[in-house]
Amino acid sequence: MSGLAAGIRLSMYNQKVLIVEKHTITGGLNSYYARGKRKFDVGLHALTNFVSPNDRGKPFNKLMKQLRIPLADFKLTPQNYSLIQFPDQTLKFTNEIEFLTEEIREKFPSQIDGFINLLNHIKNFNETDLTNETVMAKDVVRNFITDKSLVEMIFCPLLIYGSAWENDMDFSQFVIMFKSIFLEGFGRPEGGVRTIIDLLLKRLGEVGGEIRFKAEVTRLITKEGKISAVELNGGEIIECDNVLSSMGLPETMNVLDRETAYTPRTGALSFTESILITDKKPRDLGVDATIIFYNNRPEYLYQKPQTLFDSESAVVCFPNNFKYDSFKDDYEEGVLRVTNIANYDLWNQELMISKENYKAKKEMVFQQSQSILRACGLQDGYTVGFKDIFTPTTIKRYTGHFGGTVYGSIDKSRNGTTPVQGLYICGTDQGFLGIVGSMLSGISMANLHVLQGSSS
Amino acid sequence: MLSNEEVRAKVLDIIADIALDDDVTAIKDEVALREQLDLDSMDFLDIVMELKKRHKIEVPQEDYTKLASMKSCVEYLAPKFNS
């Protein structure tokens with residue numbers, strides 16, 4: 001998605017652009033697939049940074065302005081509400097921050113002043129300044145919030161929706177996530193993630209950008225320390241002046257034609273997800289929340305579990321439960337998505353043992369997802385007509401990300417540069433997160449390294 | 001030879017396409033564009049890119065500040081349009 005955004009920007013200003021896509025569908029981590037007659041979204045639970053078309057100056061509006069895509073084309077529907085559900089306390093939030101503020105005033109009265117001060121600090125912080133130094137976010141937040149449990153609850157959605165680091169994140173990334181989730185909020189484009197991809201592809205075509213599918217970059221060729229060409233599977237070599245890579249930082253360095261001292265580390269976090277298609281919709285089973293961040297421990301453990309997956313915490317998404325007009329969603333059936341933190345190495349071992357073994361373990365994830373749904377208040381009495389479970393090894397297979405990571409490396413290249421001149425990083429490993437972040441990343445890197453470079 | 005008015009009109013065309021939601025007919029020439037319109041640094045880059053694309057005019061990065069107001073735009077760009 002960052003690559004598409006970058007490609008559109010560059011094509012708009014007469015740069016000759018070729019996007020090479022490994023798969024038959026674009027989108028990378030945020031894409032879709034079909035099983036039978038059903039189409040499934042991958043990655044996207046919700047679009048963050050919710051804005052209405054007349055909400056000027058907000059990130060998503062600005063991005064679409066840069067790409068000249070009318071915001072109205074996304075037909076965004078806001079979330080109903082979401083929950084952060086911990087053993088002793090639950091916080092409810094909507095796309096209006098005042099709602100969460102009131103929840104905290106009621107449930108953590110001693111923390112309300114600190115929370116309001118934190119909000120002001122966040123609002124005044126320039127999180128996209130590429131020169132920001134790395135500061136751990138929990139250290140900053142603890143200056144404002146002294147209740148340990150509230151700190152955990154605030155971090156829970158932000159970590160699982162974007163952190164490559166275990167249990168904490170860089171403060172700039174925290175602010176990006178906080179603004180995009182708590183200050184702006186969740187929405188869903190009509191038709192889901194494919195609507196976003198289709199709009200980007202259409203725009204790319206309009207501005208004359210080229211895209212090739214099933215074209216995997218197998219080697220980045222350099223000449224005297226500068227990028228000179230890419231080699232594709234099948235051996236074709238394409239010469240170029242610049243490469244913007246959205247493959248991930250370690251993955252990009254891995255296809256470089258020479259060794260460098262620069263060895264970005266692979267992140268530890270990966271996920272399983274169970275997608276259940278049911279005869280009844282969640283609203284008819286007692287749940288009208290859009291997303292539930294479920295955690296069954298006093299502390300929120302956002303870390304690589306020592307088991308195949310962590311069944312004590314999850315994100316549960318109910319795509320039927322956005323605030324559609326008269327609650328009419330575009331699904332015929334109920335859709336329940338349960339995402340757990342998982343251990344790539346252990347899943348890989350299961351797969352090595354045998355395919356049957358791996359399948360049996362996937363069935364365990366599915367069984368557990370039903371218990372979690374129950375813990376989130378979903379009544380029994382529904383029938384699962386179809387299910388699909390993906391694991392860290394599935395993510396690895398489809399995205400090429402080492403370790404099946406979703407949020408990439410723990411080393412980011414904030415200004416997008418690499419040891420190779422003309423080779424730049426965009427997307428997750430540049431450090432802007434989420435779908436909106438990934439598009440912002442593509443646009444910023446295209447502007448900074450190619451367009452500004454060519455205009456001076 | 002373009003008059004200052006014609007240069008202004010060409011710049012205004014570009015700004016109108018970038019600041020899609022703003023009313024560009026009411027721009028005050030002496031006042032910074034940023035104070036009147038919903039423009040940020042990314043949008044100023046677009047003005048530069050559009051000048052290059054539509055009129056083959058190059059604005060080096062150190063001169064971006066010359067585009068701050070309509071008045072300074074016209075003063076800075078008129079010689080470039082006419083050279």
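This is a predicted model: local features need pLDDT of at least 70, side-chain atom pairs count only at pLDDT 80 or more; totals for chains, interfaces and linings use all residues.
Strands of a sheet pair through backbone hydrogen bonds, in either a parallel or an antiparallel sense. Here three strands form an open sheet in the order S9-S10-S11 of chain A, and the pairing is antiparallel. Strand S9 (217-223) and strand S11 (237-239) of chain A are the edge strands, each pairing on one side only. On average, neighbouring strands of this sheet are turned by 30 degrees against each other, direction ignored. Now look at strand S10 (residues 226-232) of chain A. Three bridges join S10(A) to S11(A) in the antiparallel sense. Val230(A) stands opposite Ile238(A), a residue of S11(A).

Next comes helix H7 (residues 171-184) of chain A. The helix has 14 residues, so at 1.5 Å a residue it should span 20 Å. Its end C-alpha atoms lie 18 Å apart, which agrees. H7(A) also bends, by about 30 degrees at Phe178(A). The helix is mostly covered, with 13 of its 14 residues buried. Gly185(A) follows H7(A), and its phi is positive, near 100 degrees.

Last, turn to where the chains meet. Twelve residues of chain A are in contact with 14 residues of chain B. On the chain A side, helix H2 (59-67) and helix H13 (434-455) are the elements that give two or more residues. H13(A) gives the most, with four residues. By class, this side of chain A has two nonpolar, seven polar and three charged residues.

Conventions:
Residues are numbered from 1 along each chain as its sequence is written. Chains are lettered from A and ligands numbered from 1 in the order in which they are written. Two strands pair if DSSP finds at least two bridges between them. Axes are lines fitted to C-alpha atoms, for helices over the stretch in contact, and angles run from 0 to 180 degrees between N-to-C directions. The expected span of a helix is 1.5 Å times one less than its number of residues. The bend at a residue is the angle between axes fitted to the seven residues ending there and the seven starting there. A residue is buried if 20 or more other C-beta atoms lie within 10 Å of its own, exposed if 12 or fewer, and partly exposed in between; C-beta atoms are placed from the backbone. Two residues are in contact if their C-beta atoms, placed from the backbone, lie within 7 Å. Ala, Val, Leu, Ile, Met, Phe, Trp, Tyr, Cys and Pro count as nonpolar, Asp, Glu, Lys and Arg as charged, and the others, Gly among them, as polar.
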